[in-house]
Structure formats: C-alpha cells, structure tokens
Amino acid sequence: MGKLVLHTVPAVLVILLVIAPFIIALIRLSEASEVGIFEAISNLDNRYQTNGAVGFTLKLSAISTLSTVSIGLPLAWWMGRYHWPAHSIIRAILTTPFVVPSMVATIGFISLLGPQSWLAENFNLKLWHTMTAIVIAHTWYNVALVVRLVEPAIARLDPSLEESARLLPGGNKAWKRALRLWWPVVRLNLAAAATLTFVFSFTSFALVRHLGGPGMYNMERAMAERPFTGIIGVGAVDSEIVLAFGVIQLVILTAALWLLTEFQQRGKTWLPLATEKSTRLQLPKTKHQKLLMGSALAAATAPLYFTIKGSFSVAGNFSFEAWQTAFSSSHDFALIQPLINTLRFAILTVIIAVPLAWLAANSVSTLENEKGWSARYARVLDVMVMAPFALSAVMVGYGILIGLSHLSNSLLLVWWLPLIAHLIIALPFAMRVILPAMRSLDPSYLEAARTLGASQLKVIFKVHIPLLRGPLIVAAILAFAVSLGEFGATWLLWNTPDWTTLPVLIDRAYSRPYDPIARSIAHVAASLLLITTLTLFITAEKFRMTGQEGEF
Amino acid sequence: MLEVKNATVSFSGKLILDAVNLSVGDSEIVALLGPSGCGKTTLLRYIAGLEKGSGGEVLIAGKDVSNLPPEKRSVGMVFQNLALFPHLDVAGNLAFGMVIPEAEKIAEMLGIVNLAGFQERKIETLSGGEGQRVALARSLLAEPTILLLDEPLASLDEDLKLALAEDVRKILKDRGITAIHVTHDRQVAKKISDRIIEMSEVTQAED
Amino acid sequence: MAAPLSGCLGPGGNEGSDNSEPAYKVTVLTYDVFALSDSMLSDFTNRTGIEVEIIKVDDSGTVLARALQTKDNPIADVIVGIDNSFLQVALDNELFTNLYNAKIPELHVEATTPYSGNFVVPYDWGRVCINYDTTFVDGENVTAPTSLWDFTNDTWEGKVVVQNPRTSSPGRSFMLATVDYFANDADDSTDFTDWWSAMKANDVIVTDGWTEAYETHYSGGYGQWYDGFVGNANAVVSYCHSPGVEAFYGDNWTTSVALTLDRASFLQVEYAGIAKGAAHPIDALVFIDEMLATGVQSTISTTNFMYPADVNYTLPSENGYLYHTGVPNQDSSLTAEEIGAGIDEWLNQWDSAMA
C-alpha cells in the first residue's frame, strides 16, 4: 500500500505542477482567441510582428546549428585526439559558455558587438542588429555542447582499433579513416549535440530580444510581449498569436526531442573502451593549430571579459561607481535584494526539484521493468517529467500566468510564482541526471540492505542516496544553475520590485532610458551572476563520475 | 526450519521455477547444486522475498512469511557480487544489519572470520577472499534465522575456495545457523554442506 | 502621525469590504511611472501612515491587462497608468469605482478633453508627435515636412523610426493620430493603411518600445552619449515636449524639433483610479489625492516628463524646456469611445499594412 502511494506521489505533483496548468492555459487560450488554431496560424502571415517569424526562427536555428557544428567538430577533434598542456583547463574554458546565463551572455555580446564596442571600433565590424550577431552568440554557446558531447567519444576509442584500421586497404588515407572509423564513432553524439543546439537556438529569447534589431522576431520574442494573452473579450489577437506560436513550437520541439532520445538510445551501445589518457596522441602541435586553439579560447572568454570590464565603466569612463551604487540600497537598481532573491529561488528550486526528480526517477526505474500497467505507467511518468523540455521559457511563463492564475487571482501576486517556472524547467534536468544513474546502479546493494533487515526508509537514506551522491550533487547544481539563469518565464511573471531576480533586473536596467549608470549596473549584475555560476560549475566538475561524460 | 511449497516463478512468460518444494531442517546446511541458469538464484531470491511468485508459500520456523517483505523475514543473503556498501568502511558494513551496533560484537566477528583489525578498511581495498568474509560476517551479525549464500565463492581460485568453504562451514556450525548454499561446484558443495540437493530433483522447469 | 481622514465617505460599489476605517495600507498597480519614486512614496507614508505596495508591470497595456484579468477579485486598490487610448476598454469592463470625493484641483483643459467623467482622474498628459533632427532637416537639402506623406519620399528612406502600436504607448498614440489625420486630409481615397504601407516600402524602422527608438536610432536625442547608439534615423515618434526635455538637460540647446502639423499629434492623457472592489478604498482615495496634490504635480514635468494635470503647473520655462516644446494648433480628435470601438480593427489593419 505504501508503495502505491510512493509511486503515485511524483505523478500527482508533476500533473499539478506541469500538466494541469498547461492544459488549463491551452483551453483558456482557445477561448480567448476568437479564432480556431488553424485560422490563427494562417493569420500569422498578416501581422506585422508575426509575419515571417516562423521562417526566421527556423532559419536562425538551422544556421546556428551549422555554424556550431562546423566550429565545434574540429575543436572536439583536437581536444579528443591530442593531449594539450593544461588539458582539463582548456576543456573547462571551452565548455564554460554553455553554462553562462543567457542575460549575461547578452550583455557580453552587446559589449563585444555593439556599435561602440571594441570590435566595431577596431575592426569596423557592423554586426549590430544583424542575424549574424545572433548566430555568433548561438555558436559561442553551443560549441561548448559539441565539445562536451563529442570529445569523449573521440578520446575513448580503443587505439588498437585505429591501428587495425590503418592496416586495412580502406584505412590508408586519413579521410577514409575519418569516414569509416571516426564518423560512426562520433555521429550519434554529434547528432545529439546538433539537435540540442537547434532546440536552444530555436527558443532563444534574451539574445534575440537585445541583439536582433527592430523587426527581427523569432517566435519566442513575438510571443513575449503580449499582455492581453488569456484575457477574454479584450485583445484577442494576443491570445491568438500565443496559441498559434505555442502550438507550432510544441510540435517542432517535440519532434526535435524525440529525435534526441532516438540518438541517445542508439548511442547507449558504445561504452568507454579505454581510459582517457591512453588514446590521446601526444603529437607536437603545429603552429597553426596552436593559434586556432588560442583563438578559440579567446573567443570563449571574450564576451565574459567584456561583461566584467563594462561594470567598471560609467558613461565611457573608468569608475567604481556602478559597483558602489549597486550595493547601496538607494538606487532603483540596487542589487542586494535581487541577488538575495535569485539565490533564494535557486535554493528553493533545488530543495523541491531534486527530491521530486528522485521520487519520479525511482518510480520510473523501479516500475519500468515490471509487467503490464506498471511499465506503462513508468513510461508515461518519464515523458511527463521530461515534457518541459519541449516548452520554451515564454510558453512556461504563459502556462503559469494563464493556467494557474485562472484558479485564483491572488496567485498572481505571490512572490513564489516565478519559482513554479523554475521548478518546471529544472525538473527535467535533474531527472536526466538522476534517472540514468539510478538505472545503472546495481540493484543488489538495495537488496542486500533489505536482507539485512533495513526498512524502506533506511534503505533510501542509508544506502540509495549515499550511493548516488555524485549524481545527486550534479543534479542539484544543475537545478541551481538553471534557476539562477532563468529569464524568459521569470520576466513574464515578474510583478513586483521586491522579488526581481538578477536576470530580469539586467534586462530592465539595460532598457532603462536616460540613466547611464543603469547600463553599468546591468554589467555589475551580470558579473555577479557570472561569478556565481562559474563557481557552481567548477564545484560540479569535481563530482562528475567519468562515466557520465557523454551527457551534459 | 524452512519449508518451501509450490514455489512457482516466471520471468517474461518463461517459467523458471515450477512448483518447487524444499525443506531444510534446523541448523542444517544444504547445498543446492546445478548448472548455471536453472533457477538456483531465483529460488534463493524467492525465499528471501526479493522475487514474487504466483502461488506457493514460504514457511520459516513454522511461520508463513510469504506475504512479508524481505526486511521482515529474518532471511540473510550473501550475494554473488557481495554487494558490500562502498560508501561505508568494513565496520560500517558490519554494523548495518545490527539493531544496536556494538563495537565488541563487530570485533568479535572479525576475529571469527580471521579479519581482526579490519574495521576501518575501505571496501575497495579488500581482496576477493577478504570481501567474502566481510560479506559473510555482515549477514551473520544481522542474526538471521536462515542464511542464503548465492555462489559466494564462485570468483575465487580453487585453493582459496575450498579453504574458505571449510571456514564458512565451521562458522555456520558453531553458531547453529540454518543455511542454503547455492553452487555449481560439487567439491565446494561437499565441503560445506550436510546434504546436497540437485536442482533437477527439486524442479523440472521447461527449458 | 496619520493625518485625520476627515469626512471621507467610502466610494460606492465596495460591498464586502469594511470601508469605515482606514487600513493604512494601499496597493498600487502601475508601470514604471517615475513620478512614483521611492522618495515620493516614503514621503507619503511618513505623512499619512499608509504603507504603499507597488505591483509593477511592463507598460500601460499590461496594467490594463492585469486589471482585466483580476477584475472579479482585484489585486490592487489603485490603478495608475491607463491612458485615453485604453480607457474605454477599462470603463466598459467596469474596472473602476466612482471618485466623487477625490480632491481634484482645477485641471488643464487638455487633461479633460478625452474624458471628463468621474471614474478616473488624469494625473498627467502630453502630446505624441514626430520629432525630427534639424541637423538633417537643414532647410536646404531637406526641408521641414509639410505633410506626413513627405516621410514616404526617398529623402526619408530608412530614416524614420516609429514604435509598434501593439507594444508601445506612444506608438499606439501615433497610430491613432494617423487614423484621424488620413481620414481628414484632402485625399478621400487614401486612409492610414495606405500611408503605413508606403512607410513600410520606405524602410521605416519599427521598434518595440520608445527607449530603443529614441535612444538607439534617433540622431537628434540624448542617445548619442550612450553605448549602443546607432543614430540611423532622423525622425522619431516621441512627445511634442521631448525637444523641450532635451534642451532642459542640454543647457537650452537641442537640434530636435517637434512636428506640429494639424492632426498629426495625439493628445495622450494618463489616468489613475480606484479599482472596483478594492480592499482598501479609503486609503486608495488618499493616494489618489496625493497624486493630484501640489507635491507630485509640481514635479511631474521633471520626473515623469509630461505636462501635469493641475492647471497651476506646467512645463518649466528654465533652460528652454517650454520654449522648445512644440504645441500644435490641432490634435487628432478621436474620442475615447471612438478609440474603444475602433482600436482592434485599426491595429489589425496596421498589422496587415506592415506585414
């Protein structure tokens, strides 16, 4: 009986938290929109802001993916094949971009590519308000992903396989080996990385909002500023647009994620075949390789450098004023409270999302091997928990805004409204770390504990959790980082100065007219967020089990 | 002491145990002999409560434990892969099944299995034979009514195997423990048990 | 500490709340109204003992949206920031209670032109119109526009920046002005959609909000001192008093001029009101009174950068604020009802014209 309750709890919570609000929101959207879904989609062409948004989003995502793969693959190759000095530091630097919160990256790129930036002035590069700028930012972000996912595959290939390949007629030339030996090894990971890059570019909000110029709308941005969404009788156009884009996004993202699970399913068969160090060739690196790697490292860190640098200048002059004002409590954009809020939300996200992910992962891994309804239930639960991956941040925001607030108006005022968004978004990340770890844990540990007379609770707390300590910590750190950087949904749900988070504050400070110090304070906030995130990830690296390197 | 009646267990439609009957007397050590894959481990797991069957019952000391979970059956089990908890040291592992952990009892047991002073050793530093003995000690300290041993000596080399088999028998006999030892090695079976039961006698599941 | 709240009858329509005693607490739903600064609020609390909680949303439209969403169970007592282009919808949905007892001073006639009823009070107003940069419009190469159609010529190709009427309050105001302008101009065969299509063909820049348009794109404003300045537009939709603000902060000097063609400007008035069903109507009334009192009204022109509603105050004459402010002879003349009836259709037409 207790087991039944245990296994239904995660499902109930997930339904309450994720599924129900969205279904309510969808219903409400359909009501508020005065036309049906098909007409809503065909109307998109007739509207200024939405005309071409779908096409632009797809184009942007496709180009970003191509760009990322063409730069990421060679980098992953070099990292996997050669042993560089300070190898793990180089890898850390190259993979850092991925964990940088979107608003921080946005600030960095504005400083790097904007009209008065270093690049513009020294190289006369007019990249401001162009799609190129956004593609560059996306590439910067996602090359880290390619390196992280593909490098291990290259690094771990058993060297004897390659030696045999060289001896075969099909393997005498490098390009032939690349095709016959290396391509099969990396293609699934590369495909997974490419799909993820597509998904992240597809739902990009902060970057498009600030780097894209007037008239450059992807779906996320076009959906975002729609205040009358969900309101019946007024501003039906807003609901119509959100409905149309929401459905389109959902379909495309679900397809992408289905592809992703396919790739990762099929990729399960390969295992690390050798320890890392032994397969890396200690070849002398050519000058041009060193130069390119150096450029890659510089490119990875440049936006971050400019973010921090910008915090020390006010209206073009070097000054500590921004930092001082930020930590006083007088200015509108004083940072102490938002910093505390951001941390509070993050800590709460961890405290709630990780145990919930644990419960869900436990149910899934236990029940999926049983017969009949149990196995089906496990599958459904798995999909439900992962569903938010197919939702963009703005969609999550609207889901909560319309869905939950429909239940009670006063929910709109609670300080923890954005927290729900953070939970929804963090839960799948935690699940993706905990579930594989649970699945690969030898069940005999738990069985042994039971034959030693341990109660269920004792088994969980004295054996199960300690054995999964590493993945649990990684899941916690991931959930924390997701919450720290969350922007789209929080921005939509923000309603009171008291509960602003740092990313939302950066956006508002940056958009504030007349106030030069506001811009610099935005840099300060971005720097703070950056430092916190980096500290977290350095800590997380220590807890990764080597077997987990194929995931993010 | 132990009675198994009509144990029937299937996995994905395949019948592994077909109306198996088994009984073991008080303080008796029984060896279950048979080739791999014929259900010996499954039978042990069934007795321990780790596997569910359809119909059939398990009686321990006359009491029907068929509907009890493993932790309530007072059935100890030494697993084939030992399943020693890597996050605890030897003493931590030994104390795990004790209702009230007592350092003297732990020290005493370590002495009995010839691992005196091993309390603070880490699990990963133990050799095969040492691990076996810690696993055995751990199960014994939980004071089970029945002890099940699932080919615990299988991964050791010949000499060590037989030596340990003798040691294990002595320890079990000294304490009057009722035990079932599953193995495919007839030599070990002979060394360790009072009675050998061939799996083929006990059940004939369809291959 | 608290000033005695003498003779205040609770405004009608507040069944279900105990409105006989002040609660010393008021919640205000608003957007980034600078006049409601921290110092103004703490000053208010010190004098009246009433704690103020601000629910801050993005912009005027969102204020209306939130109020609509929660009208059965209002989340705020006072709603600040709905303007005359949104007012009719708010009134049609009965978002406000009557303000019989508010202490309203004598108001500028402009502040009462769009609406003069009792459900909301104006606290500031201004005119939205095009500003252009005289560095570009130098009188020789480029002459000052005499009609909005001038902006569709090659001279102005890609050099005009406007805001999206769906996301920007001045953008919306200007679009409404064009509705009226082209309905009343000499040419009966064209309406505002034709002009907008022509502007689109002439590469008009459309931003989401005023800040981006004015600060980043407009060459004649303060944006040139900021990071991120592009300055590729020489005309922008802003306020007729924006050149005045430029001069005020620029030592009586600016190159920006307001285009004051007839009907090419929109009179925008911003309102405050008490939500129907507000939990603290008495305190809300005190707050409304405060917004119309001398302390706030006298500083609106330099805090909110709009004209104060109170007739006793206007834009300062120092530094050329008043001097450089454009004053058209005739604003576009859509009433709040006409706007309420037509806005959805006009926005859809704008969308199509610009798509």
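Among the 2 pairs of chains that touch, the most contacts are between chains A and C. The model is a predicted one. Chains B and C do not touch, and 51 Å separates their nearest C-alpha atoms.

The interface of chain A and chain B was examined next. It brings 18 residues of chain A into contact with 21 residues of chain B. About 1700 Å² is buried between chain A and chain B, and 64% of this area lies on carbon and sulfur atoms. On the chain A side, the residues that lose the most area to chain B are A:R450, A:T451 and A:L452, which together account for 39% of what that side buries. Across this interface 2 salt bridges are found. A salt bridge joins the side chains of A:R450 and B:E71, with an N to O distance of 3.0 Å.

The largest nonpolar core comprises 320 residues. Within this core, the residues with the most contacts are C:V80, C:F151, C:W196 and C:F287. The element that gives the most to the core is helix α19 of chain A (residues 417-439), with 16 residues. Apart from this core lies another, of 30 residues, which includes B:L140, B:L141, B:L149 and B:I171. The surroundings of C:W196, in the largest core, were also listed. When neighbours within four places in sequence are left aside, C:W196 is in contact with C:V162, C:F174, C:M175 and C:T178, as well as with C:W350, C:A353 and C:M354.

Chain B contains an open sheet of 4 strands, in the order β2-β1-β4-β5, and the pairing is antiparallel. The edges of the sheet are formed by β2 (14-24) and β5 (63-64) of chain B, each of which pairs on one side only. Strand β4 of chain B (residues 57-60) pairs with β5(B) in the antiparallel sense over 2 bridges. In this part of the sheet, B:I60 stands opposite B:K63, a residue of β5(B). Helix α1 of chain B, residues 40-48, packs on the sheet and touches β1 (2-11), β2 and β4 of that chain. The direction of helix α1 makes about 115 degrees with that of β1(B).

Technical notes: Residues numbered from 1 in each chain as written. Chains lettered and ligands numbered in written order. Predicted model: local features only at pLDDT ≥ 70, side-chain atom pairs only at ≥ 80, totals over all residues. Heavy atoms only, no water. Core = buried A, V, L, I, M, F, W, Y, C linked by side-chain atoms within 4.5 Å. Buried < 20%, exposed > 50% of the residue type's maximum accessible area, 1.4 Å probe, protein only. Contact = heavy atoms within 4.5 Å. Pairing = 2+ DSSP bridges. Axes fitted to C-alpha atoms, helices over the stretch in contact; angles between N-to-C directions. Buried area = accessible area lost by both parts, 1.4 Å probe. Salt bridge = Lys/Arg side-chain N within 4 Å of Asp/Glu carboxyl O.
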